[in-house]
Amino acid sequence: MSDMQDTDPDTTQRTPRVALMGEFSAGKSTLTNLLLGADPLPVQITATRLPPVWITHGTGPSLREDSMGEVHELGPEGLDGVRMEDTRLIQMQMTSDILNICDLVDMPGISDPNMDSSVWGDVISEADLVIWCTHATQAWRQSEAAAFDSLPERLKKNAILLITRFDKLHTDRDRKRVMARVHAETRGQFRAIFPVALLDALKSGQDRDRWERSGAEPFIAKLLDLLTNPGSTADAQEPVAQPDAAPTADIRQITPVRPVRVTPRPDAGTMRPRPPVAAVPHG
């Protein structure tokens with residue numbers, strides 16, 4: 001039985017919420033920056049001890065909700081001035097194509113021995129879909145399996161697994177062995193599994209060959225499919241095949257297609273922070 005409270009958030013008046021999870025230094029922030037087409041989040045190992053960072057579409061100020069539920073605007077230090085010990089959640093607003101079809105929630109690394117699971121446990125209950133990042137050289141550790149098993153059942157049925165830093169596996173034999181083991185140990189748990197080199201994808205620019213070698217394209221195709229076709233019943237753990245013909249549009253340029261399960265928000269033109277972060281009082 002799942003340890004997290006299994007609530008089913010109402011998605012009829014909002015965009016879906018995609019939580020990015022995994023152990024420390026598994027590539028979650030790099031993935032966030034790739035999806036956004038920008039880099040608002042630090043990716044250095046020494047700079048990534050942050051509480052959940054909830055990124056929505058908009059141009060408002062970045063907010064910090066403290067452990068007592070009080071909301072503050074981030075100070076001039078920005079994320080560098082945030083302490084996990086007294087912060088429940090950070091909310092940032094940006095204009096990015098992906099944020100027209102979903103919110104992104106970059107979760108803290110689940111392997112931090114000094115962090116209680118409650119830091120991310122109450123926030124994950126607000127998510128609709130999980131992208132789990134696991135480092136290729138130590139893919140799908142027991143600690144990850146245990147943390148994933150604690151998620152609400154509805155999230156475990158709506159999860160994608162990314163085997164990140166796949167370029168660190170230097171032989172075809174090692175790559176095949178890791179993929180076979182991960183598939184065997186996670187049988188039926190994920191909607192799809194993709195090997196990716198996120199930094200290569202992030203740095204590919206206009207280099208189409210480098211982009212394709214990174215493995216990011218089939219992953220993003222699957223993510224867009226799940227976001228825009230929530231009733232999709234694709235077999236679990238079957239990566240989306242590359243099309244034989246060249247795509248008519250570069251999938252890196254994510255188009256702002258509204259998911260079919262989402263209706264326009266009445267405040268879409270003046271985005272205000274949504275729960276769990278309240279608006280900052282004026283005056």
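The legends below accompany close-up views of a predicted model.

Residues are numbered from 1 along each chain as its sequence is written, and side-chain values use heavy atoms, with hydrogens and water left out. Because the model is predicted, local features need pLDDT of at least 70 and side-chain atom pairs count only at pLDDT 80 or more, while totals for chains, interfaces and linings use all residues.

**View 1. Confidence along the chain, with a look at residues 233–283.** Let's start with pLDDT, the predictor's confidence in each residue, from 0 to 100. The protein chain has a mean pLDDT of 77, and 70% of its residues reach 70 or more. Over residues 233–283, pLDDT stays under 50. For this stretch the model has 112 contacts beyond four places in sequence, a contact meaning heavy atoms within 4.5 Å. Where pLDDT is low, the predicted coordinates should not be read in detail.

**View 2. Helix α1 packed with helix α8.** Helices (H or I, at least four residues) and strands (E, at least two) are DSSP runs, numbered from the N terminus. Here α1 covers residues 28–36 and α8 covers residues 216–228. Their axes are 13 Å apart and meet at an angle of about 75°; axes are lines fitted to C-alpha atoms, for helices over the stretch in contact, and angles run from 0 to 180 degrees between N-to-C directions. The two helices are therefore roughly perpendicular (65 to 115 degrees; under 35 counts as roughly parallel, over 145 as roughly antiparallel and the rest as oblique). On the α1 side, L31, L34 and L35 make the contact, and on the α8 side A216, F219, I220 and L223 do. By class, the contact has 7 nonpolar residues, with no polar and no charged ones (Ala, Val, Leu, Ile, Met, Phe, Trp, Tyr, Cys and Pro count as nonpolar, Asp, Glu, Lys and Arg as charged, and the others, Gly among them, as polar).

**View 3. The salt bridge of E126 with R17.** A salt bridge is a side-chain nitrogen of Lys or Arg within 4 Å of a carboxyl oxygen of Asp or Glu, and a search of the whole structure finds 14 of them. In this one, the closest N and O atoms of E126 and R17 are 2.9 Å apart. E126 sits in the loop between α2 (118–124) and β7 (129–135) and R17 in strand β1 (residues 17–22), so the pair ties together parts that are 109 residues apart in sequence. R17 is buried, with a relative accessible area of 5%, whereas E126 is partly exposed at 25% (buried means under 20% relative accessible area, exposed over 50%, partly exposed in between, with a 1.4 Å probe and protein chains only).

**View 4. D172 and K176 within helix α5.** Both residues belong to α5 (residues 172–185), 4 residues apart, about one turn of the helix. D172 is partly exposed at 42% relative accessibility, and K176 is exposed at 56%.

**View 5. E217 with R208.** The closest N and O atoms of this salt bridge are 2.5 Å apart. E217 is buried, with a relative accessible area of 5%, while R208 is partly exposed at 22%.

**View 6. Positive phi at S25 and W140.** S25, in the loop between β1 and α1, has a positive phi of about 65° although it is not a glycine. W140, also not a glycine, has phi near 55° and lies in the loop between β7 and α3 (142–149). S25 is partly exposed at 22%, but W140 is buried at 5%.
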